[in-house]
Amino acid sequence: MEACHPPEQSNVTAYGATAVAIITFEAFAGMWINAFMFSVICMAWIKRKTLNSNEKILLFLGCSRFWVLCFSWVYSLFSIIYPNYFYVPPTYTLILSIQNFFECSNLWVSACLCGFYCIKIANFRNSFFIYLKVKIDRMVPWLLLGSVLFSLVIGILVYDFVHKPHCNNSTSEGNFSKVSIRMEEHILSIFLIYGFEFVTSFMAVILSALLLLFSLWRHKRNMETMMNLSMDAHIKAMKFILSFFVIYSINFACLILNMVYTTENGSPVVFLLYVLLYTFAVVHSLILIFSNPKLEKSMLRILACVKCKFCMR
């Protein structure tokens, strides 16, 4: 492999260095926040020997989001610094397929979290919905396992489609044009996989928000007197899901635009999309932390300790 290439040199411009610095800052901030959420829930799991359904979903979400940020950062870093040596097998195919596995897992676990809140809090007299409300705690582990298996299938499909253009080509720089042409032949298949992944998870979030909104409207109409605990739970869950819906909508738009501009490496639009995607992971994880009393308490304790150490200096 090394005999086929001249010595690797990075042609990093001022724009590229700035992009790497901003993306690195956001990626590491997101990884720290999700690692914090994962570690706090793991410590609670060790102490209590059990986790409730909400904590199980947050545990999976923190893990998948940490790794998707990690591999997305690696992808962005090498595509900016060493683009001519990054888009060769097996580096490019492996990183892209693993990144897509964790990204799909992240999207589906996020959708499961919205669905879980909707089923737990919304009130409908439909027999199927009542069945889901009773069985949801038992269904959560299977939903998480299904999300992982589905993400694994998506990752394998992406690896297969990306690997085909490279399988009969050498990795020398003279063959990059041939590889690019063959990649374009499979770009539609990859886009269909991405589109299915994004649209299905986004539709699950929309459905959860609409069902909870309708349940809140019906409950408010029936409770014309003072607000009760059920109303408070409805409003709190609605604020959470609506905030997630807005953030998820922006994230969905960025993912679609990222697919459109996928061939324009180094474009300012692509850089802006990466910044917004990293911001989504950071902001939504912070919303999850501060909407959970245990996570919020641990986070405030850490921030207080950091503030004290900073003041002592």
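Me: What makes W32 count as partly exposed?

Reply: In this predicted model, W32 has a relative accessible area of 45%, and since buried means under 20% and exposed means over 50%, W32 falls in between and is therefore called partly exposed.

Me: Why does F36 count as buried?

Reply: The relative accessibility of F36 is 5%, and because the limit for buried is under 20%, F36 belongs in that class.

Me: How many aromatic pairs does the structure hold, and what makes the one between F28 and W73 edge-to-face?

Reply: The structure holds 12 aromatic pairs. For F28 and W73, the ring centres are 5.2 Å apart and the planes stand at 85°, and because planes over 60 degrees apart count as edge-to-face, the pair takes that name. F28 lies in helix α1 (residues 14-48) and W73 in helix α2, so this pair ties together parts that are 45 residues apart in sequence.

Me: Are F28 and W73 buried or exposed, or something in between?

Reply: F28, with a relative accessible area of 42%, is partly exposed, whereas W73, at 18%, is buried, since the limit for buried is under 20%. Elsewhere, ring pairs link F66, W67, F71, F101 and F102 into a cluster.

Me: How do you know that S64 is buried or exposed?

Reply: S64, which is found in helix α2, has a relative accessible area of 3% and is therefore buried, given that buried means under 20%. Leaving aside residues up to four places away in sequence, S64 touches F102, S105 and N106.

Me: Why are α2 and α4 called roughly antiparallel?

Reply: Helix α2 (residues 53-81) and helix α4 (residues 91-121) pack at an angle of about 150°, with their axes 8 Å apart, and because angles over 145 degrees count as roughly antiparallel, the two helices are described in that way. Their crossing is left-handed, and the contact of α2 with α4 has 19 nonpolar, eight polar and two charged residues.

Me: What makes α1 roughly parallel to α8?

Reply: Here α1 and helix α8 (residues 268-290) pack at about 20°, with axes 9 Å apart, and since angles under 35 degrees count as roughly parallel, α1 is roughly parallel to α8. The crossing of α1 and α8 is left-handed. Among the residues that meet are Y15, A19 and F36 in α1 and P268, F271 and Y274 in α8, and the contact divides into 19 nonpolar, four polar and one charged residue.

Key: Residues numbered from 1 in each chain as written. Predicted model: local features only at pLDDT ≥ 70, side-chain atom pairs only at ≥ 80, totals over all residues. Heavy atoms only, no water. Axes fitted to C-alpha atoms, helices over the stretch in contact; angles between N-to-C directions. Helix = DSSP H or I, 4+ residues; strand = E, 2+ residues; numbered from the N terminus. Parallel < 35°, antiparallel > 145°, perpendicular 65-115°, else oblique. Left-handed = near helix turned anticlockwise from the far one by under 90°. Nonpolar A, V, L, I, M, F, W, Y, C, P; charged D, E, K, R; others polar. Phe/Tyr/Trp six-rings, centres within 6.5 Å; stacked < 30°, edge-to-face > 60°. Buried < 20%, exposed > 50% of the residue type's maximum accessible area, 1.4 Å probe, protein only. Contact = heavy atoms within 4.5 Å.
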